[in-house]
Amino acid sequence: MELKLNIYKGAKVVKTYRTEEFTLTTGICEDILNEVDIDNLIGVKKLSNESLGFEIMKIAAKSFNKFRPFLQDVFEGLTEEEYRHTAIQEVAGVIVAIVQHTISELAKVGDHSKN
């Protein structure tokens, strides 16, 4: 899964962080699950990816201040000052992608435990 986060100075992109080899660690899972009402998302997931994305965006907006240290784990080298110069829609998009990936990976774990 490729993740990308731009750093801005005004409207100009001055730096881009990318990661393709993202390891979903237990610490990141814990951070995400602490912010997510998993029962609500499981019900929404049955509706559509768009509905799931919308619910995750609401979570991201509500918990935006908690995501800096989380994203610093994902994007090695991201500083606090750089984080202050990111676009909220891009941060939310990265969070949505990671939450969807986390839920997918947890579902796979559940599927394997049935065998």
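**Figure 1. Arg18 and the residues it contacts.** Beyond its neighbours within four places in sequence, Arg18 is in contact with Glu2, Leu3, Lys4 and Phe75. Please keep in mind, here and in the other views, that this is a predicted model. Arg18 belongs to strand β2, which covers residues 12-19. Is Arg18 buried or exposed? Its relative accessibility is 53%, and exposed means over 50%, so Arg18 counts as exposed.

**Figure 2. Asn6 and its polar partner.** Let us turn to strand β1, where Asn6 has its place. With a relative accessible area of 8%, Asn6 falls under the 20% limit and is therefore buried. Which side chain does Asn6 join through a polar contact of 2.7 Å? The partner is Thr16, and the contact runs from side chain to side chain. Thr16 is also among the residues that Asn6 touches once those up to four places away in sequence are set aside; the others are Val13, Lys15, His85, Thr86 and Glu90.

**Figure 3. The largest nonpolar core.** This view gathers the 17 residues of the largest nonpolar core. Which of them touch the most other members? They are Leu71, Phe75, Leu78 and Ile95. Two or more residues of this core come from each of these elements: β1 (3-9), α4 (67-74) and α6 (88-114). Helix α6 gives the most, with 6 residues. As background, nonpolar side chains in soluble globular proteins tend to be buried together. Phe75 links this view to the Arg18 close-up, as Phe75 is in contact with Arg18.

**Figure 4. The whole chain, for orientation.** In what order do the elements run from the N terminus on? The order is β-β-α-α-α-α-α-α. The chain has 115 residues, and buried residues make up 37% of them. Take the contacts between residues at least 6 apart in sequence: 61% of these join residues at least 24 apart. As for the surface, the chain exposes about 7400 Å², and carbon and sulfur atoms supply 50% of that area.

Key: Residues are numbered from 1 along each chain as its sequence is written. This is a predicted model: local features need pLDDT of at least 70, side-chain atom pairs count only at pLDDT 80 or more; totals for chains, interfaces and linings use all residues. Side-chain values use heavy atoms; hydrogens and water are left out. Helices (H or I, at least four residues) and strands (E, at least two) are DSSP runs, numbered from the N terminus. Buried means under 20% relative accessible area, exposed over 50%, partly exposed in between (1.4 Å probe, protein chains only). Contact means heavy atoms within 4.5 Å. A nonpolar core is a set of buried Ala, Val, Leu, Ile, Met, Phe, Trp, Tyr and Cys residues joined through side-chain atoms within 4.5 Å. Accessible areas come from the Shrake-Rupley method with a 1.4 Å probe; for residues, only the protein chains shown count as cover. A polar contact is a pair of N or O atoms within 3.5 Å; within protein, one must be able to donate a hydrogen and the other to accept it, and residues adjacent in sequence count only if both atoms are side-chain atoms.
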